Amino acid sequence: MMHEKPVQNLLTSRAEAIHSAQLSDSQLKSVLAVKNLSFSWPTSSFRIGITDLNVKTDEHWLLEGPSGSGKSTLLQLLGGVLLPQRGEVSFLGQNWAALSAAQRDQHRADHVGFIFQQFNLIPYLSALDNVLLPCRFSPMRRQAAESNGTLMDEARRLLAALGLGTQDLQSRRAVSLSVGQQQRVAAARALIGKPSLVLADEPTSALDVDNRDAFLELLFSEAHSAKTAIVLVSHDTSLRPYFEQHLSLEGGLC
Ligand SMILES: Nc1ncnc2c1ncn2[C@@H]1O[C@H](COP(=O)(O)OP(=O)(O)OP(=O)(O)O)[C@@H](O)[C@H]1O
């Protein structure tokens, strides 16, 4: 029950934020639409089957399932890194399978932020330079990041909003940061340039309960102000109260 209060705070602040933003149905546009998806790895008997999944603007989804249930595979399908053998994954109204590999890479760079389980920061770059990376690959993300000032201002603002406000922390090489700090850098990198979607793979698995609560609160708050949808996968069923939407994967099926 240690985290009862933070959960309540999160849910209350989110409900208030949605209420104050007064998003109408038409503003809640489709971010991800999955229909009759079927995917198998060529070298294993494992199969993912999803009949129907719809993620809209500003929604926060938890996809939960035990180890080996297909969570990481599903994230790759949602982000157009893998393509299903049958069915369809549409992202912002665009079927990933109708794009060339290069077009998929650009569509992803423009509109998706990833938070990986091991964060995948470039170890010898500073926290700040890691956050700036997505803008190197996407002029669209760069332009969005510069909407209220310089790119550097926005990277610094995001890091500060995620609890890394000092110049010392922002200029330190990623390798010299703690796990919790690296994870917040990874979140800032995913959020820069206001992508429509953040896909997060077990981002809280290395954190204790207090740090996990603080991290989710910061992530949700920043994502909400940018109207970014979040799909987070985890084996941890205790995360369920933080999310309005959740889906359970059992052996790849739901
Ligand atoms: N590149 C691959 N080639 C063949 N099979 C794979 C590949 N990647 C994953 N699999 C298989 O797909 C199944 C689902 O794996 P996946 O990593 O998606 O599950 P997960 O729920 O994310 O697991 P975990 O929580 O342990 O990370 C497993 O049986 C795994 O062995």
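**Strand S7 and its neighbours**

Strand S6, residues 112–115, pairs with S7 in the parallel sense, over four bridges. The model is predicted.

Me: In S7, which residue is the bridge partner of Ile115?
Reply: S6 and S7 pair in the parallel sense. Look in S7 for the partner of Ile115. The bridge partner is Ala200.

Me: How many bridges join S7 to strand S8?
Reply: S8 covers residues 229–234. S7 and S8 run parallel. Val198 has its bridge partner in S8, and that partner is Ile230. The number of bridges joining S7 to S8 is five.

Me: Through which helix does the chain cross from S7 to S8?
Reply: The crossover is of the β-α-β kind. It is right-handed. The helix spans residues 209–226 and is H9.

Me: Which residues of S7 point the other way from Leu197, Leu199 and Asp201?
Reply: In a regular strand, side chains alternate between the two faces of the sheet. Leu197, Leu199 and Asp201 point one way from S7. The other way point Val198 and Ala200.

Me: Is S7 largely enclosed or largely open?
Reply: A residue is buried if 20 or more other C-beta atoms lie within 10 Å of its own. Five of the five residues of S7, residues 197–201, are buried.

Me: What percentage of the chain's residues count as buried?
Reply: The secondary structure comes to nine helices and nine strands. The chain has 254 residues. Of these, the part that counts as buried is 39%.

Technical notes: Residues numbered from 1 in each chain as written. Predicted model: local features only at pLDDT ≥ 70, side-chain atom pairs only at ≥ 80, totals over all residues. Buried ≥ 20, exposed ≤ 12 C-beta atoms within 10 Å, placed from the backbone. Helix = DSSP H or I, 4+ residues; strand = E, 2+ residues; numbered from the N terminus. Pairing = 2+ DSSP bridges. Right-handed = clockwise from strand over helix to strand, strands pointing away.
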